[in-house]
Amino acid sequence: MDMELWQEIIVAAFLVIAGVFGFVGSYGLIKLPDPMTRLHAPTKTTTLGVGGVLIASMIYFLFSDAKFSFHELMITLFLFLTAPITAHFIAKANLHTSVKREDVSPTGSDRPWAGFESDEDRRIAEAKSDIGE
């Protein structure tokens with residue numbers, strides 16, 4: 001069950017790349033100045049770092065056991081699908097806690113930006129537009 005040198009190099013390359021992405025993401029999380037810029041470090045680079053480790057694991061088991069591992073593939077897909085959603089939730093929470101309605105630019109209509117509009121205000125505005133007011 002020994003792997004060839006070129007196979008070990010491929011697995012090691014994915015692990016090194018994943019480590020670099022993980023380090024850059026962690027460093028950016030600490031050093032970037034505000035929450036909105038800090039948000040990009042863990043959601044982009046650290047996601048690629050964890051994805052690289054999972055891909056290296058898939059390749060390792062493919063080469064060593066001659067079986068494709070669906071577990072790592074499913075974890076990778078789940079991670080890549082959920083990270084943007086989490087980033088969106090964090091950005092919306094930051095918007096609501098640190099940005100005032102008066103500080104954003106006007107929308108060009110009588111309605112505010114969607115992040116500042118309550119569900120009740122949206123229903124009233126939609127009802128008015130349906131009536132034709």
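A search of the whole structure, which is a predicted model, finds 4 aromatic pairs. One of them joins tryptophan 6 and phenylalanine 63, whose ring centres are 5.4 Å apart with the planes at 65°, so this pair is edge-to-face. It links distant parts of the chain, because tryptophan 6 sits in helix H1 and phenylalanine 63 in helix H3 (residues 40-65), 57 residues apart.

**Aromatic pairs**

- A pair of aromatic rings is described by two things, the distance of the centres and the angle of the planes.
- In the pair between H1 and H3, tryptophan 6 is partly exposed at a relative accessible area of 48%, and phenylalanine 63 is also partly exposed, at 25%.
- Phenylalanine 23 and tyrosine 27 make up another aromatic pair, and this one is stacked, with 6.2 Å from centre to centre and 20° between the planes.
- Both phenylalanine 23 and tyrosine 27 belong to helix H1, where they are 4 residues apart, about one turn of the helix.
- Phenylalanine 23 has a relative accessible area of 58%, and because exposed means over 50%, it counts as exposed.
- Tyrosine 27, with a relative accessible area of 47%, is partly exposed.

**Helix H1**

- Helix H1 covers residues 5-31.
- With its 27 residues, H1 reaches 38 Å from its first C-alpha to its last, which is close to the 39 Å expected at 1.5 Å a residue.
- Which residues of H1 are buried? They are Gln7, Val11, Ala18, Gly22, Gly25 and Gly28.
- These buried residues of H1 pack against helix H2 (35-38) and against H3.

**A nonpolar patch on the surface**

- Val16, Val20, Phe23, Val24 and Tyr27 form a nonpolar patch on the surface, and together they have about 520 Å² of accessible area.
- Phe23 and Tyr27, both members of the patch, are also the two partners of the stacked aromatic pair.
- Valine 24, another patch member, lies in helix H1 and is partly exposed, with a relative accessible area of 43%.

**Alanines in the helices**

- Alanine 13 is a residue of helix H1, and its relative accessibility of 34% makes it partly exposed.
- How far apart are the C-alpha atoms of alanine 13 and alanine 87? They are separated by 28 Å, and the two residues are 74 residues apart along the chain.
- Alanine 93 lies in helix H4 (residues 70-98), and at 41% relative accessibility it counts as partly exposed.

**An alanine with a positive phi**

- Most residues other than glycine have a negative phi.
- Alanine 66 has a positive phi of about 60° although it is not a glycine.
- Where is alanine 66 found? You can look for it in the loop between H3 and H4.
- Is alanine 66 buried or exposed? With a relative accessible area of 64%, alanine 66 is exposed.

Methods: Residues are numbered from 1 along each chain as its sequence is written. This is a predicted model: local features need pLDDT of at least 70, side-chain atom pairs count only at pLDDT 80 or more; totals for chains, interfaces and linings use all residues. Side-chain values use heavy atoms; hydrogens and water are left out. Patches are made of residues with over 30% relative accessible area and no salt bridge: like charges are joined within 9 Å, nonpolar side chains (Val, Leu, Ile, Met, Phe, Trp, Tyr) within 5 Å. Accessible areas come from the Shrake-Rupley method with a 1.4 Å probe; for residues, only the protein chains shown count as cover. A salt bridge is a side-chain nitrogen of Lys or Arg within 4 Å of a carboxyl oxygen of Asp or Glu. Helices (H or I, at least four residues) and strands (E, at least two) are DSSP runs, numbered from the N terminus. Buried means under 20% relative accessible area, exposed over 50%, partly exposed in between (1.4 Å probe, protein chains only). Rings of Phe, Tyr and Trp (its six-membered ring) pair if their centres lie within 6.5 Å; planes under 30 degrees apart count as stacked, over 60 as edge-to-face and the rest as tilted. The expected span of a helix is 1.5 Å times one less than its number of residues. Contact means heavy atoms within 4.5 Å.
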